[in-house]
Amino acid sequence: MKIKKRNISTYLILVIFGLYMIFPFISTGLYATSTNWSNTLLPNDFTFQWFIELFQDSNFISAVTRSITLTLITLAVVLVVMVPTVFIVYMYFPKVDNFMKGLVLMPYAIPAVILATGLLRMYSGSAIPKYAVLVGGLFVGSLPFMYQGVRNSLEGIHSRNLMQAAEMLGASKLQAFLKVIVPNIKLGLLITTLLIFSGFFGEFVLTNLLIGGRYETIRIYMMRRMNENGHLASAVMVAYFLLLIVISLVITRITSSKKGVSNSLFKRKKRKQEQVIPPLSLKQLEPAATSEVKSNNEKRRKL
Amino acid sequence: MSFISVENLSLSFGNHEVLKDISFQIEEGELITLLGPSGCGKSTLLRVIAGLEVFQEGNLFLEEDDISNTLPRDRNVGMVFQNYALFPNMTIFENIAFGLTLKKLPKDEIHREVMRVVRLVNLEDKIDHYPHQLSGGQQQRTSLARSLVTKPKVLLLDEPLSALDAKIRKQLQVDIRELQKTLGITMIFVTHDQEEAMILSDRVFVMSEGKIVQSATPADLYAQPKNQFVASFIGNYNILSTDDLNKIDPAFSDQSLVSKYAIRSESIQLAAPSGETGIYFNGKIENYTVLGSTIRCLYDVNDVKLSVDLINNVQNLESIKSQTQLFIDRNDIIAIDQ
């Protein structure tokens, strides 16, 4: 009976949590598929009118394209700059690493409005395009995720040992990094990338304050349309979530490929039991193994 | 000149001196063990030879070439790590082929060479597996094969068996020794296990606090420990002062200047062999532990505690408990440095 009670309460908590999480999404979905919902429990009608209107609006498509472009460019800069930097700091400057771990948390302490104001004061009269300033600002915002994400991945694969093993086998540092380290932190990198992608894609404050009027991203577009029509704004919100889910699924699909560390990291604990193999036979060491040795090998395999 | 020659090598990490004026020679085809407790510098010395640590003073020669400033990848030295360091993203075949791939050898030659070493370590049926799909012993065999395939001049092994269970460890000890003898490769093996060092080595270098305190064959090392540290690290020695020996044998006198003596616990016998000359004395057994083939007894001899290893003859267990007369051959009392 006790077990049954515990099961019911466990499920109850899960159901409440699930409802809490999904209720706003369902409500937004219902609002996005109705024309009138004011004094009733459920909407009075059902329509795709707002979605049709949304996808026929060239401004929406442009906003999505701009958001994706901005996010991809910033991500590329972050990855190209940060991955080698974190690797070098972690591998060869352990004292700097301790300092960096604290430093990269600074963006948490600075509100985006303050950051944007500071950037505007600094670069408003300069020749540096605002777009580049925005990319730089987003770059700084990604530091806590990127630094810690890459660092944890490096720690998780015992990268120092792997580097040394590769170097002992004749690899240069660059070869060891590209052939051994990068493939093995692929999973961690992609998870971090996904995290940053969703953050950049939905970024509003920096983009709006720095170049808002001239470069309408999806969040700025949402903000503008929300003031015009709530149903349409809900449709934008649903489309935005679905887009993020699709992107997440694509990245998850890529990371769960059978080959490589993505599997090994999760399955390492399922190591097979030690198999006791008889000691090596000197006969085996001779170039031409006799049939006797071959048959012994067969027996060994069967055992 | 010897195959490997280390001259007056010193290394410090900040103010901490890790290796202190180390010199030794190793001949081609030898298997040397660096033996010592944790923190004595044995792994650091191995890493220096590999080129993974930079030393401040001294010289390092391999086949008469000064490799003190040579990059690890250019030394043609192989290394097997304690935690295997296999590349998780590569299959066993790819792991072993890694070094040959970097040399850009033809594919069929890489395949031939990989399969040659795979057969040596009995992993023919595992070449398509990933490291996480193998047991610890199999992973270490892969690591060994990966190092051997590039035909290094020297193979360095940094406590390669310490993460394995006792049964697999003993089996791999035999395998490594057999491989070394067959291939004639020079190996330097790091361990803190004196039994492992005895089984594997042509010579053992015992290290303490950044210095090599004694280098000898396993038999010589066991029979003639140079000082108290080596005696206490190798086997189960009784370390006694002159006063202690006088309590056991009032007639004992030694003209040498040493003040410490080592007596192997198995050299103390129960029944006095008839006609032999030596020290006869009485002791009271305080406790004993059955270790398998031997029984380790602790005797009290005039307030001197003596550890005595006796053959475990079950029929004689009762007589061991009651026997009080002990015997030491004078030749088994070894004078050692403090």
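Me: Is B:Arg141 buried or exposed?
Reply: The model is a predicted one, and the assignment rests on a cut-off, because a residue counts as buried when its relative accessible area is under 20%. B:Arg141 has a relative accessible area of 4%, so with that value B:Arg141 is buried.

Me: With which residue does B:Arg141 form a salt bridge, and which helices hold the pair?
Reply: The closest N and O atoms of the salt bridge made by B:Arg141 are 3.0 Å apart.

Me: In what order do the six strands of the open sheet in chain B stand, and which strands are at the edges?
Reply: The six strands form an open sheet with mixed pairing, in the order 6-7-8-3-9-10. Neighbouring strands of this sheet are turned by 20 degrees against each other on average, direction ignored. Two strands have a single partner strand each, so one side of each is left without a neighbour in the sheet, and these are strand 6 (77-80) and strand 10 (211-216) of chain B.

Me: In which sense do strand 7 and strand 8 of chain B pair, and which residue stands opposite B:Asp158?
Reply: Strand 7 (residues 154-158) and strand 8 (residues 186-191) of chain B pair in the parallel sense, over five bridges. The residue in strand 8 that stands opposite B:Asp158 is B:Val190.

Me: Why is helix 1 of chain B described as largely enclosed by the rest of the structure?
Reply: The buried residues of helix 1 of chain B include B:Lys42 and B:Arg47 as well as B:Leu45, B:Leu46, B:Val48 and B:Ile49. Just after this helix, B:Gly51 takes a positive phi of about 95 degrees. Helix 1 (residues 42-50) is largely enclosed because its buried residues number eight of the nine.

Me: Turning to chain A, which residue forms a salt bridge with A:Arg225, and how many residues apart are the two?
Reply: The closest N and O atoms are 2.8 Å apart in the salt bridge between A:Arg225 and A:Asp57. Both ends are buried, A:Arg225 at 10% relative accessibility and A:Asp57 with a relative accessible area of 15%. These two residues also belong to a network of salt bridges that links them with A:Glu53, A:Glu216, A:Arg224 and A:Glu228. A:Arg225 lies in helix 12 (residues 218-228) and A:Asp57 in the loop between helix 2 (49-56) and helix 3 (58-92), a separation of 168 residues.

Me: What separates A:Glu155 and A:Arg151 along helix 7 of chain A?
Reply: A:Glu155 forms a salt bridge with A:Arg151, the closest N and O atoms being 3.5 Å apart. A:Glu155 is partly exposed at 40%, whereas A:Arg151 is buried at 8%. Since the two are four residues apart in helix 7 (residues 130-156), what separates them is about one helical turn.

Me: Which backbone oxygen lies 3.0 Å from a polar atom of the side chain of A:Ser159?
Reply: A:Ser159, in helix 8 (residues 159-168) of chain A, is buried with a relative accessible area of 1%. Leaving aside neighbours within four places in sequence, A:Ser159 is in contact with A:Tyr90, A:Met91, A:Leu154 and A:Ile181. The backbone oxygen in question is that of A:Leu154.

Conventions:
Residues numbered from 1 in each chain as written. Chains lettered and ligands numbered in written order. Predicted model: local features only at pLDDT ≥ 70, side-chain atom pairs only at ≥ 80, totals over all residues. Heavy atoms only, no water. Salt bridge = Lys/Arg side-chain N within 4 Å of Asp/Glu carboxyl O. Buried < 20%, exposed > 50% of the residue type's maximum accessible area, 1.4 Å probe, protein only. Polar contact = N/O pair within 3.5 Å; in protein donor to acceptor, adjacent residues only side chain to side chain. Contact = heavy atoms within 4.5 Å. Pairing = 2+ DSSP bridges. Axes fitted to C-alpha atoms, helices over the stretch in contact; angles between N-to-C directions.
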